[in-house]
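The sequence and the structure come first.

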Amino acid sequence: MVSLPVYNRTGQEVGTYEIDPAELAPRISKQLLHDVVVMYQSNQRQGTAQSKGRGDVAGSTRKMYRQKGTGNARAGHRRSPIRRGGGHAFAKRPRDWSYRLPRRAVQLATRMALAAKIADHEVTLIDELSFAEPKTKEMAAILKALKIDGRRLLVAVEGYSAPLYKSIRNLDGVSVLPVNEINALEVLSPRAVLMTKAALDAFRAKAAAGR
C-alpha cells in the first residue's frame, strides 16, 4: 500500500490518498512495457523516406563500352550504383511501419506503467486543477509550488478543459491528457506525472472494470 500526499494549488499538503499499485497491475512486466512502447514509437514513424534506384535516375541503359579488350573493368550502363549519379543499390521506399498489439496487452501495459510510477513515488496528486480562463503564468506557479517544474511532465486530468489545456500548452516539456487517453508511452516518457484526485479515481475505476 502506498500513501500519496495530496496537495493544493499552493503546494500545501491537504490530505493523503491510499492506493495499492497491485490493484492496477499485480506485477510489472518490463518486456510487455518495452513491446508496447516500441509499438507506439513505431506507429509514429512517417515512413516517407525514399531514394532513387537505378530505374529512377536519368541516363542511357546502353553498355558504356565493349566487354573485353579495353583494359578497363567490365561496365554496364551509367545508372549502375557504382557510378557517380547512379541509383542506389538498395533504394529506400515508402513503407507503413505501424502495427498493433492485442488490445488487452496494451491496456495492461498502461496500468503497469502508472503502477510503476506510483510505486516509485513519481506521481504527484493535486486536489483539483481548473481554470476559468487560460493562465499560463498561474499554471507555472502551481508547478513551482509543487516542486515539479523544470522537468518533463505529464498532467493527467479527468476530462478535457480548454482553459486548462491552453494554460499548459506553452510550458516547455509539459503535456496534458484526459486520463482515458493516456498510454504506456505517455506515462513512461516524462520524469513525473501530475494527476488530480478525480483523474486517479477514474483510472482506478477503469482498471477495476478491466479496461
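## Helix α7

Helix α7 covers residues 197–208, twelve in number, and at 1.5 Å a residue it should span 16 Å; the expected span is 1.5 Å times one less than the number of residues. The C-alpha atoms at its ends are 16 Å apart, which agrees. Helices here are DSSP runs of H or I with at least four residues, strands are runs of E with at least two, and both are numbered from the N terminus.

The buried residues of α7 are A199, L200, F203 and A207. They fall within an arc of 95° when seen down the helix axis, so they line one face of α7; the arc is taken from the directions between the helix axis and the C-beta atoms. An α-helix has 3.6 residues a turn, so residues three or four places apart point the same way. Buried means under 20% relative accessible area and exposed over 50%, with partly exposed in between (1.4 Å probe, protein chains only). Just after α7, G210 has a positive phi of about 75°.

## Model and confidence

This is a predicted model, in which local features need pLDDT of at least 70 and side-chain atom pairs count only at pLDDT 80 or more, while totals for chains, interfaces and linings use all residues. Residues are numbered from 1 along each chain as its sequence is written, and side-chain values use heavy atoms, with hydrogens and water left out.

The average pLDDT of the chain (the predictor's confidence in each residue, from 0 to 100) is 93, and 100% of the residues score at least 70. Confidence is lowest in helix α1 (residues 21–24), with a mean of 90, and highest in helix α2 (residues 30–43), at 97.

## The sheet

Six strands make up an open sheet of mixed pairing, in the order β2-β1-β3-β6-β4-β5. Two strands pair if DSSP finds at least two bridges between them. At the edges stand β2 (13–19) and β5 (174–178), each with a single partner strand, so one side of each has no neighbour in the sheet. From one strand to the next the twist averages 30°; axes are lines fitted to C-alpha atoms, for helices over the stretch in contact, and angles run from 0 to 180 degrees between N-to-C directions.

β1 runs antiparallel to β2, with six bridges between them, and V2 has I19 of β2 as its bridge partner. Five residues separate the two strands in their hairpin, where G11 takes a positive phi near 90°. On its other pairing, β1 (residues 2–7) is parallel to β3 (residues 123–126) and joined to it by two bridges. V6 is bridged to L125, and Y7 stands opposite I126. The covered face of β1 holds V2, L4 and V6, and the uncovered face holds S3, P5 and Y7.

In β3 both faces are covered, with V123 and L125 buried on one side and T124 and I126 buried on the other. Four bridges link β3 to β6 in parallel, and V123 has V193 as its bridge partner in β6.

Helix α4 (residues 136–145) has M139, I142 and L143 as its buried residues. Their arc around the axis is only 95°, which puts them on the same side of α4. K147, which follows α4, has a positive phi near 60°.

The 14 residues of α2 should span 20 Å at 1.5 Å a residue, and the end C-alpha atoms are 20 Å apart, which agrees. Its buried residues include L32, L33, V36, V37, M39, Y40 and S42. The buried residues of α2 pack against α3 and α6 (184–188).

## The loop at S80

S80 lies in the loop between α2 and α3 (103–119). Is S80 buried or exposed? It is buried, with a relative accessible area of 14%. Apart from neighbours within four places in sequence, S80 is in contact (heavy atoms within 4.5 Å) with G86 and G87.
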